[in-house]
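Let's take a walk through this structure together. Have a look at the sequence and the 3D view, and then we'll go through it piece by piece.

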Amino acid sequence: MEHIVDDDIESYLGHLQRTRDPVLLEMEARAAASKFPIIGPLVGRLCQQVAQSIGARDVFEMGSGFGYSTWWFAQAVGPGGRVVHTDGDAKKSAEAKSWIDKAGLGPRVHYEVGDACEVIKKYPGPFDIVFIDIDKHAYPDALELARSRVRVGGYIICDNTLWSGKVVLPASKQDADTRGVTRFNKDAFGAADLLTTIIPLRDGVALCLKISAAARDPKRKR
Ligand SMILES: C[S@@+](CC[C@H](N)C(=O)[O-])C[C@H]1O[C@@H](n2cnc3c(N)ncnc32)[C@H](O)[C@@H]1O
């Protein structure tokens, strides 16, 4: 249970991409050299596409690393837009700032260092998008915090929701991270104020559209 998508298909999809921004390529090389887990260009493009399709101007990222996913959202929000970058590691935050500045996107990004589940409490929102990519055991908490901070018509986007296929393991064989991801998926599909789909791209991306009270199914409890 490693790759969700067949390697040849992944490679084919990768070659269709035309986004060859030199700074982005450098960031991808940096991630590959250090085996740092970034969302990669296929999921990055999906994030940019979803953000642009709803005219997103304000994005909160939970777990931004050295700023690769931030680059894609910063492209999407445009001049005057904002992406809040959060990471528990101050060094990652500083590195992200240098990459984002190098890419000419500096004015669009605000940096916070700390536990994203605490930092987000300072931000009532509403955001157009909350993106979740923190430690997986914290996904259920992150979902609850994000749900109340995304506007109707906005999205919660969450990476790694198929978790190398471990989501299909029986509960007795799941570790804390896998339990976090499976709980997230259950909650995201069960929430009456979210319309959720998991795209089986790379490691699985959940797209959760925040819907209005009027659109809620009255038979649902949550
Ligand atoms: C998978 S990496 C993020 C990659 C980034 N989204 C990208 O695609 O470029 C996860 C990052 O989240 C950070 N992290 C994990 N749990 C966190 C938490 N609870 N609060 C803040 N940052 C967290 C880690 O330090 C790490 O840099």
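Start at the ligand: sorted by class, the shell around it is made up of eight nonpolar, six polar and six charged residues. Keep in mind that this is a predicted model. Which of the 20 residues around the ligand come nearest? They are Gly63, Gly65, Tyr68, Ser69 and Ile134. As for the elements, α4 (68-77), β2 (82-87) and α6 (116-119) each give two or more residues to the shell.

Now turn to the inside. In soluble globular proteins, nonpolar side chains tend to be buried together. Here the largest nonpolar core has 56 residues, and Val59, Phe73, Val130, Ile132, Ala142 and Ile156 are the ones with the most contacts inside it. Helix α4 turns up again, giving seven residues, the largest share of this core. Zoom in on Phe73: setting aside its neighbours within four places in sequence, you'll find Phe73 in contact with Cys47, Ala51, Val59, Glu61, Val83 and Phe131.

Next, find strand β1, residues 58-62. Four of its five residues are buried, so β1 is largely enclosed by the rest of the structure. On one pairing, β1 and β2 run parallel and are joined by three bridges, with Asp58 standing opposite Arg82 in β2. To get from β1 to β2 the chain passes through α4, and this β-α-β crossover is right-handed. Strand β1 also runs parallel to β4 (residues 127-132), with four bridges joining them. In that pairing, Val59 stands opposite Ile129 in β4.

Key. Residues are numbered from 1 along each chain as its sequence is written. This is a predicted model: local features need pLDDT of at least 70, side-chain atom pairs count only at pLDDT 80 or more; totals for chains, interfaces and linings use all residues. A residue is near a molecule or strand if its C-beta atom, placed from the backbone, lies within 6 Å of it. Ala, Val, Leu, Ile, Met, Phe, Trp, Tyr, Cys and Pro count as nonpolar, Asp, Glu, Lys and Arg as charged, and the others, Gly among them, as polar. A nonpolar core is a set of buried Ala, Val, Leu, Ile, Met, Phe, Trp, Tyr and Cys residues joined through C-beta atoms within 7 Å. A residue is buried if 20 or more other C-beta atoms lie within 10 Å of its own, exposed if 12 or fewer, and partly exposed in between; C-beta atoms are placed from the backbone. Two residues are in contact if their C-beta atoms, placed from the backbone, lie within 7 Å. Two strands pair if DSSP finds at least two bridges between them. A crossover is right-handed if, with the strands pointing away from the viewer, the path from the first strand over the helix to the second runs clockwise.
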